[in-house]
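Morning, everyone. Please have the structure up on your screens, and let's walk through it together.

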Amino acid sequence: MNRVAQILETMEYGPAPESDVPAQTWLDKKGRRFELFIGGTGMPGHGDRFDSINPATGSKLALLAQATAADVDAAVRAARAAQPGWAKLSGFERAKYLYALARLVQKHSRLFAVLETLDNGKPIRETRDIDIPLVVRHFYHHAGWAQLLESEFPGYAPLGVAGQVIPWNFPVLMLAWKIAPAIACGNTVVLKPAEDTSLTALLFADICQEAKLPKGVVNIVTGSGETGRLIVEHPDIDKIAFTGSTEVGRAIRLATAGTGKKLTLELGGKSPFIVFDDADLDAAVEGAVDAIWFNQGQVCCAGSRLLVQESVAERFLAKLRARMENLRVGDPLDKTTDIGAIVSLKQRAQIDAKVKKGVAEGAILFQPKTVCPDGCFYPPTLLSNVEPAATVAQEEIFGPVLVAMTFRTPAEGVALANNTRYGLAASIWSEDINVALDLAPRIKAGVVWVNCTNQFDASTGFGGYRESGFGREGGREGLYEYLKEKTPKFSAAASMPTAPPALAKEEFPAVDRTAKLFIGGKQARPDGGTSRAIVSRSGAFLGHVGEGNRKDIRNAVEAASKAEGWAYATGHARAQILYYCAENLSARAGEFAARSRGMTGASKAAAAKEVEVSIHRLFTYAAWADKFDGAVHNPPLRGAVLAMNEPQGVIAIAAPDEAPLLAFTSLWAPAVAMGNRVVIVPSERHPLAATDFYQVLETSDMPAGVINIVTGGRDTLAQTLGEHHGVDAIWYFGSNGKLIEQASVGDLKRTWIVGAIDWFGADGEGRVFLRHATQVKNVWIPYGA
Amino acid sequence: MFNVKQIVPCEIAGLRDARNPVASYDADLIDSVRVNRSAAERRVASLPGRRTVKKEWQAAWQVRAIQCIDLTTLSGDDTPGRVRRLCAKARRPVRQELLDAMGIGGIGVTTGAVCVYHAMVETAVAALRGTKIPVAAVSAGFPAGLSPLDLRVKEIEASVAAGAGEIDIVINRSHVLTGNYRAVYDEMKLFRAACGPARVKAIVGAGDLGTLVNVGRASLACMMAGADFVKTSTGKEATNATLPFALVMCRMIRTWHEMTGHKVGFKPAGGIATAKDAMNYQFIMKEELGNDWLSPELFRIGASSLLTDIERQLEYFVSGHYSVAHRQPMA
């Protein structure tokens with residue numbers, strides 16, 4: 001007992017191990033050999049077996065099954081068979097199951113926490129205080145959504161079977177993020193945990209049995225990336241939800257292109273952590289700890305790029321280095337461990353290689369004197385003197401490594417923050433409400449944390465901009481990812497007039513106009529210097545339009561990018577211009593009706609109606625321009641979380657042939673009303689309504705570059721737009737969606753592929769269009785006087 | 001991992017043990033204080049989950065907490081008899097058999113000080129004769145700090161003359177609430193001078209100050225004026241010591257140390273009644289300031305009932321049985 005005297009001298013913390021007995025007992029009970037969970041029971045599977053390793057010790061925990069094609073088939077069949085019955089249950093019935101799952105995870109929370117720490121290597125403090133409580137919260141919250149679904153989402157139906165592939169960094173939390181919303185909405189799932197961290201998913205399978213969840217609603221198949229590929233490529237899956245690397249996300253985008261599978265990708269990041277000179281610097285230091293040394297930095301939204309205002313940079317970095325000395329690296333099961341084990345030796349080697357590269361490129365390395373055990377551990381690391389051109393400033397490291405840069409002004413801070421392909425999250429530290437709230441909308445990221453970082457909650461959507469992926473998880477916005485509109489099947493052909501009508505000669509304009517492209521507010525001759533002839537349905541020559549090419553697309557996208565100010569115009573101002581367009585179209589209604597008749601052969605009444613509905617539509621989106629409100633979410637926090645509907649940026653639109661004026665109007669108007677700029681390729685067959693329309697734009701004060709019109713071969717131009725990295729989203733109305741989805745893979749732009757829409761009906765306008773025109777940014781603003 | 005030059009926080013050689021001197025008033029420094037309340041609350045909410053001590057370590061930390069207690073009685077019904085009983089407890093805060101069982105029977109565990117009103121100083125000094133336990137006197141118009149300035153100064157001088165080794169003064173909170181930090185500084189400077197060789201603890205009355213920023217600024221103004229300790233509370237405010245107050249004040253102490261190399265101590269007071277409470281303050285000291293601030297030289301806890309709770313915990317550590325208050329000698 002003389003140790004007390006000794007400890008009084010050193011005042012060290014001493015060991016505080018969490019017992020791993022409950023988890024080891026559970027593993028023993030399972031014979032340390034796991035099956036696949038298909039149709040509510042364990043299935044041995046047909047594949048090889050592989051080891052599950054504790055990365056902190058290197059010891060084997062259990063033997064897992066590698067699911068084969070036959071196994072994935074069986075799982076999808078089970079999910080498919082269960083889905084109609086599950087969807088048919090009332091929301092209340094489904095809510096009771098989700099509630100039971102929440103309660104059961106809570107009851108077994110210590111087992112989950114310890115098992116997760118054994119399997120993943122993350123500190124017990126995090127699994128116990130963060131991961132597992134968030135899992136429980138996610139099921140509770142979505143039990144509520146199941147209950148409210150019918151009343152809050154009328155007109156929506158579940159998608160069917162969801163294939164879900166999740167990463168190793170938050171194994172059971174990511175499971176909850178995937179499964180809870182999917183089953184709340186009436187879908188069934190086939191989920192594959194990461195091969196390094198499958199055990200808590202298998203424990204969750206036990207929980208599903210305990211909750212008496214109907215068989216086949218949740219199916220869990222273990223295995224490597226190969227199993228993931230089988231899920232992604234499975235023809236009978238309606239939805240793929242993936243969290244993981246951008247590289248794999250790209251492969252999934254390619255594999256699902258043209259299949260009609262709905263897709264959510266939650267990918268990598270290089271999120272900025274911006275510290276202003278008026279920040280509470282000590283708080284920001286602690287924020288940096290939570291940003292990059294949480295979960296060993298193996299967090300997709302880790303604040304890995306530190307941007308400090310130059311005037312306080314030295315002071316801030318000194319404080320940060322001092323703080324790093326207090327970080328405890330070691331046994332993940334010790335309750336005082338801050339940084340546990342890296343998930344695998346392979347991952348550790350990648351981190352080390354990137355850090356070495358950073359140093360070779362000129363970064364100054366700091367690692368504290370903290371004891372860092374051998375094996376799968378990596379010390380907290382700060383790389384300063386890093387420039388944006390450095391590899392470590394651009395590439396995700398996915399480890400406990402912070403890279404530091406400086407900025408001078410808020411504008412430069414924004415520019416550096418946005419100087420990345422990614423756009424997952426950002427953290428802003430300033431005690432000045434003006435600075436913080438001005439930056440929040442200007443940073444391209446799906447989540448912005450003001451004076452905090454790495455805050456998550458089931459009530460609040462999470463997901464990226466740019467190459468960090470698309471779709472949201474959590475909150476109302478996350479539910480749309482597991483629902484579809486209940487729209488009747490509509491055929492484009494049926495909407496076209498069947499017989500070519502006789503045209504009255506006097507309906508043609510007296511002097512034929514030369515239709516040009518419309519780029520940057522100016523009529524532009526096509527770069528290629530060629531035109532294409534446009535004929536009526538009866539084959540009569542109507543006029544020429546420019547044959548747009550790659551360079552015209554380049555110019556149009558450039559003009560659209562430059563018109564960024566439109567995104568920050570007030571909704572009221574945007575509405576005024578849309579009303580003005582309507583006014584000017586109305587003044588020329590007869591001319592546009594004649595044009596429509598001339599091109600499509602529509603009846604006089606139908607052509608007049610097309611113009612009338614187009615004017616109506618402009619009124620609709622003028623009305624929406626200042627009304628598509630965001631939300632204020634309610635996570636457990638003293639503060640507000642603003643879910644802001646932000647424009648996508650530059651939207652490329654490939655319009656259909658039917659209703660050439662109305663479809664054209666119905667597409668650009670919602671995009672523009674929400675603050676996007678568009679490059680629109682009008683109907684290939686009937687482009688003259690669109691080219692006539694630029695005169696309306698010119699007389700309606702539409703700012704240059706907001707709407708750009710490029711005529712020509714539609715699918716070729718659309719492909720160029722799909723491949724253009726300056727285009728943030730592409731809407732394609734036609735039959736060649738696969739081409740567009742494949743083209744989008746380079747920068748993972750958002751795609752919206754629609755076969756046909758009844759442009760004259762209720763489905764021709766409304767919130768669906770606005771949702772595609774926007775993405776939700778969640779801005780966390782904790783406050784306190 | 002890499003052979004690089006390690007950078008450690010600045011430590012100005014030679015100033016380590018010197019008393020924090022009076023510095024000139026620096027309005028810019030006061031203005032520069034920023035405190036984000038939500039972030040401060042998150043830090044203190046998560047800290048007890050990040051740090052813990054078990055078994056022998058827990059016992060040692062609890063013994064250390066006792067050594068940091070300013071065993072206090074500040075009641076209208078204080079009498080010499082009551083104060084003598086308190087002093088006896090300060091001399092022998094833990095039953096000898098428990099100390100022996102822990103192998104520290106010979107190190108002379110006492111509390112950090114005894115803290116009383118001026119009227120009880122002589123009694124306490126007499127009762128503690130032969131020990132190194134200082135007597136701390138609350139002063140300067142305690143608890144409101146609103147009596148005439150010259151009387152407040154004279155009160156300090158009287159307590160020092162009566163043998164108090166430490167003076168716990170209160171600042172005039174109205175100066176903080178009206179933004180007059182210069183006045184806080186000026187008065188504190190007078191108090192420090194009046195203390196002479198006695199250590200001076202500046203009570204900022206955090207619960208009266210309205211915001212954490214004010215708590216930070218008041219603490220800094222006191223440190224500029226030569227405070228040896230900053231202390232949260234008189235024990236008479238509606239809100240006494242809290243972990244966010246402690247965090248903010250410790251960060252001001254750290255800032256002052258980073259800037260000047262001088263070490264100022266910290267004393268939370270009021271409402272700290274359990275061993276677990278005390279340990280959370282110890283974690284803040286170690287994490288935000290370092291091990292030096294775990295010693296009674298730089299850390300005190302103003303408390304009365306805390307001691308009994310810690311004794312019960314120590315008895316449990318030694319015997320393995322949960323204990324009760326009546327087995328511990330009363331203060």
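Start where the two chains meet. Helix α11(A) and helix α2(B) are oblique to each other. Why oblique? Their axes cross at roughly 50 degrees, and an angle counts as roughly parallel only under 35 degrees and as roughly perpendicular from 65 to 115, so this pair is oblique. The axes come within 10 Å. The crossing is left-handed. One point before I go on: this is a predicted model.

Which residues meet here? From α11(A) we have A283(A), E286(A) and G287(A). From α2(B) we have A39(B), A40(B) and R43(B). By class, that contact has 3 nonpolar, 1 polar and 2 charged residues.

Now zoom out to the whole contact. How many residues does each chain put in? Chain A gives 41 residues and chain B gives 37 residues. On the chain A side, the elements with two or more residues are α1, α6, α11, α12 and β13. Which one gives the most? That is α1(A), with 5 residues. The chain A side divides into 19 nonpolar, 9 polar and 13 charged residues.

Next, chain A by itself. The chain has 27 helices and 31 strands. Its C-alpha atoms fill a box of roughly 110 × 60 × 45 Å along the principal axes. With 785 residues, a compact globule would have a radius of gyration near 28 Å. Chain A has 28 Å, so the two agree.

Look for the open sheet of 10 strands in chain A. Read the order with me: β13-β14-β15-β12-β11-β16-β17-β31-β25-β24. The pairing is mixed. Which strands sit at the edges? They are β13 and β24 of chain A, and each pairs on one side only. Neighbouring strands are turned by 20 degrees against each other on average, direction ignored.

Take one pair from that sheet. Strands β16 and β17 of chain A run in the parallel sense over 4 bridges. In β17(A), the bridge partner of A426(A) is V448(A).

First up is α12(A), which touches β11, β12, β13, β14 and β15 of chain A. Its direction makes about 130 degrees with that of β12(A). Then there is α15 of chain A, residues 410-417, touching β11, β12, β15 and β16 of chain A. The direction of α15 makes about 145 degrees with that of β15(A).

Over to chain B. Here we find an open sheet of 8 strands, in the order β7-β6-β5-β4-β3-β2-β1-β8, with parallel pairing. The edge strands are β7 and β8 of chain B. Neighbouring strands are turned by 25 degrees on average, direction ignored. Inside that sheet, β4 and β5 of chain B pair in the parallel sense over 5 bridges. D168(B) has K201(B), in β5(B), as its bridge partner.

Last stop: a helix pair in chain B. Helices α7 and α9 of chain B pack at about 25 degrees, with their axes 8 Å apart. That makes α7(B) and α9(B) roughly parallel, because the angle is under 35 degrees. Their crossing is right-handed. L149(B), V153(B), I156(B), E157(B) and V160(B) meet E187(B), L190(B), F191(B), A194(B) and C195(B).

Terms used
Residues are numbered from 1 along each chain as its sequence is written. Chains are lettered from A and ligands numbered from 1 in the order in which they are written. This is a predicted model: local features need pLDDT of at least 70, side-chain atom pairs count only at pLDDT 80 or more; totals for chains, interfaces and linings use all residues. Two residues are in contact if their C-beta atoms, placed from the backbone, lie within 7 Å. Ala, Val, Leu, Ile, Met, Phe, Trp, Tyr, Cys and Pro count as nonpolar, Asp, Glu, Lys and Arg as charged, and the others, Gly among them, as polar. Axes are lines fitted to C-alpha atoms, for helices over the stretch in contact, and angles run from 0 to 180 degrees between N-to-C directions. Angles under 35 degrees count as roughly parallel, over 145 as roughly antiparallel, 65 to 115 as roughly perpendicular and the rest as oblique. A crossing is left-handed if the near helix is turned anticlockwise from the far one by less than a right angle, and right-handed if clockwise. Two strands pair if DSSP finds at least two bridges between them. The radius of gyration is taken over C-alpha atoms; the globule rule is 2.2 Å times the number of residues to the power 0.38.
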